[in-house]
Amino acid sequence: MRFKAVIALTAAAMLSACGLNSVPTAEENAKARWADVESEYQRRADLIPNLVNTVKGFAAQEERVLTEVTQARARATGVNVSADDLTDPAKLEQFEAAQGALSASLGRLLVVSENYPTLTSNENFRALQNELATTENQINIARRDYNSAVQSYNTTIRTFPDAIGAKVIYGSKPMATFKATTPGADTAPKVNFEAK
């Protein structure tokens with residue numbers, strides 16, 4: 001009888017150390033951080049129509065840039081990645097490429113706005129510009145937090161004893177992290193203040 005009790009306690013201890021709780025906890029944390037990333041991108045997408053309409057009133061002849069921003073927003077919001085897709089690096093790359101194109105077109109829009117001093121001093125435009133800048137910072141923070149949660153999850157499912165439960169019980173697969181998709185992002189820009 002004692003032998004059976006010892007075996008049962010040993011089995012319970014082994015199972016508790018095999019990732020029964022730590023694997024789903026780490027996975028849910030990574031999924032929650034992904035939801036934060038999506039939320040920040042949605043916030044940016046929601047701000048863009050207001051920014052475009054504000055600029056339209058001042059810069060009607062810059063219709064090409066405004067159209068480009070609108071189309072980039074449509075493409076970016078059309079690429080969706082669900083929590084189930086987090087193990088597919090190709091889907092994350094596609095999502096990030098669409099978001100990168102939107103960031104680039106927003107940058108061109110802000111450059112165009114510099115040609116209109118009245119626009120840049122407009123209170124609505126400045127508020128929207130500040131909101132976008134804040135949102136871009138929050139997107140970077142959300143992506144960093146997501147990558148950190150994915151690193152923790154991927155480490156959990158690959159290390160003993162959690163790897164046993166991860167493979168045998170859950171069939172866990174590593175999640176993909178965000179990577180830089182902007183060409184030349186790994187090279188620091190050169191600044192030259194020489195007078196010509």
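1. The expected span of a helix is 1.5 Å times one less than its number of residues. In this predicted model, α3 has 16 residues and covers 22 Å between its first and last C-alpha, close to the expected 22 Å.

2. Which residues of α3 are buried? They are Val 65, Leu 66, Glu 68, Val 69, Ala 72 and Ala 76. Viewed along the helix axis, the buried residues of α3 lie within an arc of 160°, so they line one face of the helix. The face turned away from that buried side carries Arg 64 and Gly 78, both exposed.

3. The largest nonpolar core has 40 residues. Within this core, the residues touching the most other members are Trp 34, Leu 106, Leu 109 and Tyr 146. At least two core residues come from each of α2 (22–58), α3 (63–78), α4 (89–113) and α6 (123–158). The helix that gives the most is α2, with eleven residues. In soluble globular proteins, nonpolar side chains tend to be buried together.

4. What does Leu 109 contact, apart from its neighbours within four places in sequence? Its partners are Leu 51, Val 52, Val 55, Val 65, Leu 66 and Val 69. Of these contacts, Val 65, Leu 66 and Val 69 are among the buried residues of α3.

5. On confidence, the protein has an average pLDDT of 78, and 77% of its residues score at least 70. Helix α5 (residues 117–121) has the lowest confidence, with a mean of 63, whereas α6 has the highest, at 87.

Note on methods:
Residues are numbered from 1 along each chain as its sequence is written. This is a predicted model: local features need pLDDT of at least 70, side-chain atom pairs count only at pLDDT 80 or more; totals for chains, interfaces and linings use all residues. Side-chain values use heavy atoms; hydrogens and water are left out. A nonpolar core is a set of buried Ala, Val, Leu, Ile, Met, Phe, Trp, Tyr and Cys residues joined through side-chain atoms within 4.5 Å. Buried means under 20% relative accessible area, exposed over 50%, partly exposed in between (1.4 Å probe, protein chains only). Helices (H or I, at least four residues) and strands (E, at least two) are DSSP runs, numbered from the N terminus. Contact means heavy atoms within 4.5 Å. pLDDT is the predictor's confidence in each residue, from 0 to 100. The arc is that of the directions from the helix axis to the C-beta atoms.
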